[in-house]
Structures are given as structure tokens and as C-alpha cells.
Amino acid sequence: MDLLGWVIFIVALLLSVMLHETGHFVMAKRFGMKCTRYFVGFGPTIWSTWRGETEYGIKALPFGGFVKIIGMHSLDDVEDPADEPRSFRRQPAWQRIVVLCAGSFMHFVLAFLLIAGLALGVGIENDNTTQLGTISACVASNVTALDNGVCSASNQPSPAKQAGLRVGDTITAFDGKPASNWTQLGNAIRAERPGSPATITVLRAGKTLTLHVTLASISGRSGAYLGVAPAAVFQTASPFRAITYAGSAFGQVIVGSAEAVAALPAALPKDFGKGRADTTGGQVTSVVGAAEATGQLVAANLGWQYKVSFVLLLIASLNIFVGAFNMLPLLPLDGGHVAAIIWERIRAWFAHLRGRPDPGMVDMAKLLPVSFSIFMVVMVFGVILIVADIANPLKIVG
């Protein structure tokens with residue numbers, strides 16, 4: 001575990017959560033609602049100060065934050081009856097919906113800016129390449145040694161090293177078959193029989209060379225082994241390209257997250273086995289897993305561009321997922337409260353058509369069992385993922 005990676009992830013997560021709460025807070029203030037508290041963290045208060053009618057502060061446990069808007073629903077008592085007109089529940093439906101959606105909106109804005117900024121500053125990784133970035137020193141004894149980059153005196157040099165491959169070489173063909181991207185090349189290597197000879201055509205300093213290699217095998221790893229890894233080639237984008245890239249990545253995360261969550265229940269039994277990473281649902285991870293992944297990348301022997309790209313995309317993806325998940329029409333999520341407000345207005349409209357009085361707010365007491373049940377389901381899945389991430393963590397390096 002790399003402590004720096006964990007610190008980076010936890011700080012980014014805390015900032016994301018506070019941006020979410022800031023969205024609620026700013027819009028509630030904008031509409032004249034009374035906000036009595038804005039706190040970072042939970043538990044005992046370490047420090048606080050009053051600014052006008054709002055107490056701002058920091059609590060001991062840095063696991064999130066909260067904003068207190070008075071009169072959020074029918075069960076939320078207002079201490080001073082004189083403040084009731086400024087309570088959340090007394091405001092027009094559209095204002096309440098805007099306040100509820102503002103948290104997810106902040107997640108989406110942050111994610112979009114991170115992805116676009118990545119494209120402008122660091123660049124977009126070009127994975128349509130077969131340029132070599134790493135040449136393994138040896139044929140590792142097993143998969144664990146391979147993942148950890150461990151070589152012992154008894155290990156044979158890797159086939160790539162024996163063949164004379166160098167960092168910066170671009171493989172244009174493998175065993176007579178053209179290779180234009182890393183996926184194509186990797187599939188071609190693994191499809192060969194370990195111990196069999198192969199020819200590799202490379203482009204080096206503008207010259208084409210043909211090298212000969214005898215492929216190896218690693219215990220616990222299927223297919224033949226060459227001992228190469230791709231170079232991270234990043235190209236900075238124009239502002240327009242950065243915007244389109246961010247939009248495309250945003251859509252991919254939404255679709256991918258939906259597919260992963262849908263596949264999660266069926267994948268849970270595999271979360272504690274060797275085939276966890278082989279399924280879409282098995283790749284769903286908890287906060288612990290995401291922090292561990294960040295730690296792995298920061299500690300890995302990779303270029304700074306790859307590390308920064310991974311961390312920023314991970315944080316952006318997390319914000320998109322949280323923002324979208326939060327808007328599901330399920331209590332106690334913000335989306336569930338939005339659905340309740342919409343249902344209130346639908347009931348009021350039907351009552352008006354029939355000449356009856358407005359039935360008023362949804363009785364939250366009747367919805368508490370549903371809210372609690374959904375909360376418990378989410379908690380159970382969350383605990384299972386945390387245990388799986390501790391007992392059987394996903395490997396994202398090696």
C-alpha cells in the first residue's frame with residue numbers, strides 16, 4: 001500500500017463530498033432558505049464559527065460532510081416557528097428540486113472539468129500504438145513475482161531482453177502478422193505456444209529490424225510470455241477536442257457504471273475468487289478498493305503522465321458515478337426526494353382538476369420503511385465490497 005496514493009484519494013473524495021454539499025448550500029441560500037450548519041466531517045466538533053445565521057465548522061471524522069437546511073420534509077421540526085416560511089418544504093417545488101439536484105450537478109461539473117483539464121494539460125493517452133515502454137528483465141517464477149516485478153538470480157532473462165528489444169521500439173509485426181495496436185499485439189503473443197520461436201519486426205530510429213525470439217511461460221499465467229509493456233504516449237488536445245473528449249468519456253462512464261451495477265449481484269460470489277476481474281460486476285470496487293488502486297499506481301514504476309491520467313480519470317469517474325447514483329428515484333437519495341416532490345405536484349394537479357384541496361406534502365413517516373430498506377441494501381453491498389477489496393483486491397498494475 002502506498003500511503004501517498006491513499007492520501008491523494010481520500011483528500012479528493014472529501015473535496016468531492018464537500019462540493020456536493022456546497023451545491024445544496026449555495027442554491028438553498030440563493031432561494032432564501034435558512035441553512036443553520038455547514039460542516040466538514042462527522043462526529044465531535046473540532047472547530048466552528050458563526051457567520052450570520054450559519055455555523056461553519058470541522059468535525060473529527062473526515063468521512064464526508066453535511067449541510068443543515070431547516071424543514072427538509074414533513075418530519076423535520078423547525079425550532080423557531082417564525083422560521084417556517086424559510087424552511088425547505090415551504091418553497092416552490094421547482095426551487096426544492098433545483099436545491100436537491102445541485103449536489104449531483106457539482107459532481108458532474110467537477111468530473112467534466114477534470115477530464116477536459118487532463119486532455120488540455122497532460123494529454124490524451126494514445127492506446128493505438130505498439131511502442132515499447134518497458135522491457136522485463138526476467139521470466140518471473142510466478143504471477144505474484146511478475147506483478148511485483150521480482151527477479152531472482154535463478155530466473156532466465158525475458159524473451160524480449162534476449163531478443164534485443166529496446167524501450168522506444170515500435171513493433172510493426174509479430175510472427176508475420178501486422179500489429180497496429182497493443183490489444184492486437186497482446187492477443188497475438190498470448191495465442192502462441194510457450195517455447196515456440198517467433199519473429200518480431202520492429203521500427204527503431206527510422207529503420208526496420210527483424211528480431212528472433214523464443215517465447216516463455218509463467219506459472220499461473222495463460223499463454224506465451226514475451227516481457228514487454230506499452231509506452232504511455234500522451235498528446236495534448238485543443239480546447240474543442242478536450243470538450244468533446246470530456247463529453248465522450250462522461251457518457252462512457254455513465255453507460256459503464258450502469259452495466260457494472262446491473263452485473264454486480266451476479267458477480268458477488270466471484271469477488272472472493274481468482275476470477276474477480278474477469279467480469280464487469282467483479283470490477284466494481286468500494287472506496288477502499290479505489291484508494292488501494294490509487295496507491296498501486298502512485299507506487300508503480302510508471303511515467304508521471306500515466307499516473308496523473310489514471311488518478312484524475314478515477315476521481316472523475318467516481319464523481320460521475322456518485323452524481324448519477326444519487327439521482328436515482330430512491331429514498332433516501334436526493335433523487336428519491338425529487339421523485340416525492342414531483343409526486344406531490346401530480347397529486348395536487350389531480351386534486352385541482354377534481355375540485356379538491358391540495359393534499360399537501362408526502363407523509364415521510366409512511367416512506368421511512370422503504371427508505372430504511374433501500375439504505376440497508378446499499379450498506380450490505382457496500383460492506384461486501386469493502387471485505388472483498390481487503391481480502392481479494394483487484395490488481396491494476398502488473
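A polar contact is a pair of N or O atoms within 3.5 Å; within protein, one must be able to donate a hydrogen and the other to accept it, and residues adjacent in sequence count only if both atoms are side-chain atoms. The model is predicted: local features need pLDDT of at least 70, side-chain atom pairs count only at pLDDT 80 or more, and totals for chains, interfaces and linings use all residues. Residues are numbered from 1 along each chain as its sequence is written, and side-chain values use heavy atoms, leaving out hydrogens and water.

**Stop one.** Select Lys 59, in strand β2 (residues 54–69); strands (E, at least two residues) and helices (H or I, at least four) are DSSP runs numbered from the N terminus. Its side chain makes a polar contact of 2.7 Å with the side chain of Thr 45. Lys 59 is buried but has no salt bridge. Buried means under 20% relative accessible area (1.4 Å probe, protein chains only). A salt bridge puts a side-chain nitrogen of Lys or Arg within 4 Å of a carboxyl oxygen of Asp or Glu. The nearest side chain of opposite charge, Glu 55, is 7.1 Å away.

**Stop two.** Select helix α7, residues 287–299. Its buried residues include Gly 289, Thr 294 and Leu 297. The buried residues of α7 pack against α1 (3–30), α8 (304–326) and α10 (364–391).

**Stop three.** Select the open sheet of four strands, ordered β6-β5-β7-β8 with antiparallel pairing. Strands pair if DSSP finds at least two bridges between them. The edge strands, β6 (177–178) and β8 (207–214), each pair on one side only. Four bridges join β5 (170–174) to β7 (197–204); Ala 173 has Thr 201 in β7 as its bridge partner.

Methods: The expected span of a helix is 1.5 Å times one less than its number of residues. Buried means under 20% relative accessible area, exposed over 50%, partly exposed in between (1.4 Å probe, protein chains only). Contact means heavy atoms within 4.5 Å. Lys and Arg count as positive and Asp and Glu as negative; His and the chain ends are not counted.
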